Amino acid sequence: MTMSAGWYLRRLSRMRPAEVGGRVGDAVRRRRWRSARPDCPSVTGARFTAVLPAGTIGAIPPDAAKRLLAEADRLMYGHAEFFGVVRDDLTDPDWWYDPKTGRRAPFGYAFGVPYRNEDVVGDIKQIWEPSRHQYLTVLAAAYAVTGNERYAERVAEHLRSWWAANPPLRGVHWISGIELGIRLLSWVWIRRLLDGWAGAAELFEDNPVARNQIWHHQRWLAGFPSRGSSANNHVIAETAGQFAAACAFGWFPSSARWRDDALRSLERQLRNNTFVSGLNRELATEYHGLVLELGLAAVAEADAADVPVPASIRLVLLRMTDALAAVVDSRLRPPRQGDADDGYGLVVDGAGTDRWASLLATGDAVFGRLAWWPAVTGTDVRTPLLAALIKRTEPSVTRPASRPAHFADAGLTILRGGSEIWCRCDGGPHGFLSIAAHAHADALSVEVRHDGVDVLADPGTFCYHGQPEWRQYFRSTLGHNTLELDGSDQSVSGGPFLWTRQARSRVLVADTSGEGVARWCAEHDGYEDSVHRRRVELTEATKELRIVDEVRGPRRAVRLAFHLGPAITADLSGDRAVLTWTRDGEDRSAVLDLPGELSWRAHRGETEPPLGWYSAGFGRKEPSTTLVGTGFTDGTEGFTTVLGFHG
């Protein structure tokens, strides 16, 4: 994918003058840096002191350690999977190779590489992901747990290989600040976890190549921060990585300045990126997880280095943790809202470890759980490591006395029917900042689960670059459980991470008082001359969810979509669908009575155009059933859908 002149004009239109000025300065700096590449200042007496307290490794639960070691051994054999692509070449990786397309990124000055052009570079996400070095933090953790030097030696071999292949400002790994920030955080933890290995100092602080890489990474991050309309989760990763490295690798003349600047930026950007309610402003749940992980990791570095942290940072992380505890379903799954690219802040666990349970466990260890929090039964490696570094402090604010269900600032409401039925209703802002980069055209969409199984599902994200028709589908109004008019999205896309007109939603009713019937109503103005209003009622006694869609305005063509989860089998007859699935060996069922005013069809795994798909993770998709009703808005007082669960 290459960007047209029109895209650049649309992108420019979403910037304020200060951002334009900053980006002009960035462009000048890039030209200057092409020919002016200073050497890392000489360093003497560098030491790494941010080690784990004694006894930390012994606190790792045995089953979590077992999963970690199984993952580490797969990596030792060269096996890994990134975004649905299985690789077996990680014993000696080619750092610039994309196994998905078979292409290899060109070498050259970093800012001259057309990384968005898949025909030239390949799938950039496939190239970037291994170079976040989070698989190396897994190997380093395996060394810390076992003391087996083969893990440490493999880590050292791969770091030396990467450093040799990627000199400063050369190639695709020096283009994106989020990549540099996360990579720095990985290096800090690799050094920490290898501390008992005799070769650790020789690999890092006594190694001029390592010091040069660390210094240039931090210089880059100080020179090219994400700014203005791009100051979303990327800037959190940049500042967290910069801060972590400046604390743990504080060997350079600029370290104190980098540390202080990064901490100020982190405090400001965490506040900017988070609603007062604790939900992430991008309204993309996976980025809530990423930002929370990065924030916790940054606080761990501060406390390990005895660097005072503003109370507002801990307060934001506390609110984010409480908000996460509030929105998860009975199986600890949060909403599938907005973009998701499987990005993690710190990885030290093996496959099978639940990300959200891990975050709640860390929240419990750092802040303390509230009585209404859901129980967390799983274990992980990361929690005892972070908890050993982060100083537990008593919150200076009043936390929610009962489980919140309506987050007014985010426009997100959770309706619950007992412990099994979970329904997310979306009546919030379209997205964050002027471009709303990670938003979907999903105003008034609902997401319904029964005992953690997706029944009415949010289909997910699947891809970012290189497949524009799939990117468009998974972001579209038709790609969500809501109503589309005249074949158009509610919000207007100007590119894969750009919206030029954003639907405005407002919640009219959010009654989650628990009196047997939970009610929600909202509307949006995304369609010119028309307003879409949706009412949702969940009755606990009858296990029935009623959805009523009303359109005020002139006669328009309608498509009403309901996307079923991949575990759901649907038998559609006229305007009634019988839904069946299995959970824990038990057969479950529901009946979906659809509006008779519309003509209904089931779609599954269609490609021209895409319809009937579910993406469980980035780079992966599978066929699922989508029910689409077509018709017109006139002659009806509303379209009523009733979902009734049996048993």
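Two strands are taken to pair if DSSP finds at least two bridges between them, and the strands themselves (E, at least two residues), like the helices (H or I, at least four residues), are DSSP runs numbered from the N terminus. The structure described here is a predicted model, in which local features need pLDDT of at least 70 and side-chain atom pairs count only at pLDDT 80 or more, whereas totals for chains, interfaces and linings use all residues. Residues are numbered from 1 along each chain as its sequence is written, and side-chain values use heavy atoms, with hydrogens and water left out.

Strands of a sheet pair through backbone hydrogen bonds, either parallel or antiparallel. In this model, four strands form an open sheet in the order 10-17-26-21, and the pairing is antiparallel. Strand 10 (483-485) and strand 21 (599-604) are the edge strands, each pairing on one side only. From one strand to the next the twist averages 25°, where axes are lines fitted to C-alpha atoms (for helices over the stretch in contact) and angles run from 0 to 180 degrees between N-to-C directions. Three bridges join strand 10 to strand 17 (residues 557-563) in the antiparallel sense, and L483 stands opposite L560 of strand 17.

Antiparallel pairing is also found between strand 19 (residues 576-583) and strand 20 (residues 586-593), which are joined over eight bridges, with R576 standing opposite D593 in strand 20. These two strands form a hairpin with two residues between them, in which D584 takes a positive phi near 55°.

The peptide bond from E608 to P609 is cis, with omega near 0°, and P609 is found in the loop between strand 22 (606-607) and strand 23 (610-611). L283, although not a glycine, has a positive phi of about 50°; its place is in the loop between helix 12 (255-272) and helix 13 (285-304). With a relative accessible area of 7%, L283 is buried, a term that means under 20% relative accessible area, as against exposed at over 50% and partly exposed in between (1.4 Å probe, protein chains only). D342 likewise is not a glycine and has a positive phi of about 60°; D342 lies in the loop between helix 14 (311-327) and helix 15 (355-367) and counts as buried at 18% relative accessibility.

In soluble globular proteins, nonpolar side chains tend to be buried together. A nonpolar core is here a set of buried Ala, Val, Leu, Ile, Met, Phe, Trp, Tyr and Cys residues joined through side-chain atoms within 4.5 Å. The largest such core holds 140 residues, of which W187, L194 and F249 touch the most other members, and helix 13 gives the most to this core, with 11 residues. L194 touches A140, Y143, A152, V155, A200 and L203, not counting residues up to four places away in sequence, contact being defined as heavy atoms within 4.5 Å. A second, separate core of 38 residues includes V536, L538, F562 and I568.

The structure holds zero disulfides, a disulfide being a pair of cysteine sulfur atoms within 2.5 Å. The sulfur of C247 is 18 Å from the closest cysteine sulfur, in C40, and is therefore too far for a bond. C247 is buried, at a relative accessible area of 16%, and C463 is buried at 4%.
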